[in-house]
Amino acid sequence: MDLNDPQLYTNRELSWLSFNERVLQEARDPNNPLLERVRFLAHVANNLDEFFEVRVAGLLQQMEAGVSESGPDGMLPEEQLQAISREAHRLVDEQYAFWNEELLPALHDADVHIRCLDSVSDAERAFIQDYCERELHPVLTPLTVSPAHPFPPVINKALCLAVLLKSKKNETFLGVVTVPRILPRLIRLPREEEGRRVDYVFLADLVRAHLPKLFRGYRIMGTAAFRATRNSDLYLDEEAAEDLLLAIEDELKHRRKGDTVRLEIDASAPAKIVQRLKTIYNLGEDQVYRVHGPVNLNRLMMLYSDTPRPDLKYPPYQPVEPHLGETLGHLFAHIRQRDILLHHPYDSFNTVVQFVTAAAEDPRVLAIKQTLYRTNEESPIMEALIKAAEAGKEVMVVVELKARFDEASNIRWARQLQDAGVCVVYGVVGLKTHCKLLLLVRQEADGLRRYVHIGTGNYNPATARGYTDLGLMTAREDITADAAEVFNLLTTQSPHPEVQKLLVAPFDMLDQTLEKINREIEHARAGRPAHIWGKMNALEDPKIIHALYQASQNGVKIDLIVRGICCLRPGIQGVSDRIRIRSIVGRYLEHSRIYSFENGGSPEVYIGSADWMPRNLRRRVEVLCPVEDPELARRLRSQILSACLADTVKARELLPNGSHRRVAPSDGCLSEQDALMALARGESVDIPDLISPFDPAAPQAASRGNGSVGETRRTSAKAKK
């Protein structure tokens, strides 16, 4: 079969919608705590926002530009938009059916109530009236659309109320009120007695009830909540920009007013309001999403975060603090002796924070270099870098100003860092800096020594508690020298970085990966062990997929854990029948990237920032790092990858037609994330070793250790869900 046949490739956008449907399945799963189900539903809505802002917006631009090229799946932009519209409308209908028919009744039964205004008591009504007068009314701005007042430039994703008005002269007008973003979307009603019951009303309902006071002299004929999603991609010529920071800052202003790509509106909206908004935003009927419930389910995240009901959430998990000594000197000694592998959120991210904050105070640390893709608003790492610069250390930070939806935050940090004397650079023109690198240079008794942290996730303590990510801390001279070379690449824009151990995109990572896949083919042909394991967020690159198909045809076994987009179709006879792919969607967002090649019995294991996607391999600066400590490599294979492959609770297997189905438990239940939490706490867990050990004498049970600590935890009891 021709390996370029479009039937062998799943469309990227439809695969992404399939991932979001798996998130919705978690919301619908009654085995998850009730408020966690609310959180999953909010994630579905938030994911769809970004999908329309970026992916759908890009396809619309391609269609308007007359693009007639198709991807490996053979679908033209117009065909993709039609297919997306069908799937997205179906998904939205399922969201709201679940909210109305399952989640709302379940919340009511659990004594968490979303109240209508006509059901409130006199005391609650008095509270609402007082709130409206004090907090709401002063920040509302009603507008009537007329020649003197054109339709307001509503910003991206702002929740609004459209009002159909009739004047005393019997003229019809359209009124618009924006629901203030500065106020909480859910207003909690006070209760005289303390107890488990919690009551909320939606802010939008308060605004709706307040409309007669806003549009005095008009008769209100109908209302509808609506929300317009706009194109949010940035478009700028980096080479022509004299100051990239100012250019991006200016472009961000246009994002709030980009072309509209989707209209969400009350299903009960009067036809006149819908038609008027469609005309104003220049939208087709397929771009209108009529919803039976609150417009923008993403606001339900507040219901999860603000409801004081721990009994309706996952039991709290406290990340384990590795025992690495009491001082930074002890930590450096550990790293010199042996590499350290951190697995977040099971291992605390505080180790990384302490690594930077203590380095800022250590007089022996002379220089700190770091990449910044995303971080939180009050980042202790950024604060430490500022203190280090103020203390006279050489500090250099590569700030990625084009990290989507974090551009404004990164601009603020770039300015603060510059004001403190940090050398701030913006990477290589035309490429995003996505690698996660931290390099320290320290004066020691035997001379200067470099220490490196290489991660799979961002330097963000907040997301490190909700994303599964890996970090390697090492003082190996070859790897630290390579990391220094990558930083030189980012500051000098050198076209030819010279590295020995790291795989660096967009320079050699793709070619090196293809070579490793082809090497497995040669091993299989020669009768030697040949197997590829991978864990990633997305698999999309056509060259990688083509090579994996060839490997399968030549006898190489391939096991992949792909959380989101996957354009490869496994299980096709004669093409991909040796490829198995699964997706895990659970309590934590699976974000770590691990790649392992059996290599004829001499396995290689890599971790890093890159997925197998064209953007990672061709348009970003990425790093994959070999894990050469045998115990740590065994931990990655026999514990983490094996746990993912053994999961029978949150795993779904990818079928040849591109759909997923839940893995059926064959012998007991094992949840990968629950097992790794238990293991981190020191509990005994039986994780089947599904990956061959490095050598015949290696222990078969999954071991748990932090490298230089030399800590191993035995695993001997089933980890139940």
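Pro542 is partly exposed in this predicted model, with a relative accessible area of 31%. The residue lies in helix H16, which covers residues 542-553. Ser642, in helix H18 (residues 630-646), is buried, because its relative accessibility of 0% falls under the 20% cut-off. Two helix pairs are also described below: H11 with H12, and H18 with H19.

- Apart from neighbours within four places in sequence, Pro542 contacts Tyr9, Pro72 and Pro614.
- Asn4 is 538 residues away from Pro542 in sequence, yet the two C-alpha atoms are 8.9 Å apart in space.

- The side chain of Ser642 reaches the backbone oxygen of Ser638 at a distance of 3.5 Å.
- Setting aside neighbours within four places in sequence, Ser642 is in contact with Arg637, Ile687, Pro688, Asp689, Leu690 and Ile691.

**H18 against H19**

- Helix H18 also packs with helix H19 (residues 672-680): their axes come within 8 Å and cross at roughly 150°.
- H18 is therefore roughly antiparallel to H19, as angles over 145 degrees count as such.
- On the H18 side the contact is made by Gln639, Ala643 and Cys644, and on the H19 side by Glu672, Leu676 and Leu679.
- By residue class, the contact of H18 with H19 holds four nonpolar, one polar and one charged.

**H11 against H12**

- Helix H11 (residues 350-361) packs with helix H12 (residues 380-390) at an angle of about 15°, and the axes are 8 Å apart.
- H11 is roughly parallel to H12, because an angle under 35 degrees is counted that way.
- The crossing of H11 past H12 is left-handed.
- From H11, the residues Val352, Val353, Val356, Thr357 and Ala360 meet Pro380, Ile381, Ala384, Leu385 and Ala388 of H12.
- The residues in the contact of H11 with H12 comprise nine nonpolar, one polar and no charged.

Note on methods:
Residues numbered from 1 in each chain as written. Predicted model: local features only at pLDDT ≥ 70, side-chain atom pairs only at ≥ 80, totals over all residues. Heavy atoms only, no water. Helix = DSSP H or I, 4+ residues; strand = E, 2+ residues; numbered from the N terminus. Buried < 20%, exposed > 50% of the residue type's maximum accessible area, 1.4 Å probe, protein only. Polar contact = N/O pair within 3.5 Å; in protein donor to acceptor, adjacent residues only side chain to side chain. Contact = heavy atoms within 4.5 Å. Axes fitted to C-alpha atoms, helices over the stretch in contact; angles between N-to-C directions. Parallel < 35°, antiparallel > 145°, perpendicular 65-115°, else oblique. Left-handed = near helix turned anticlockwise from the far one by under 90°. Nonpolar A, V, L, I, M, F, W, Y, C, P; charged D, E, K, R; others polar.
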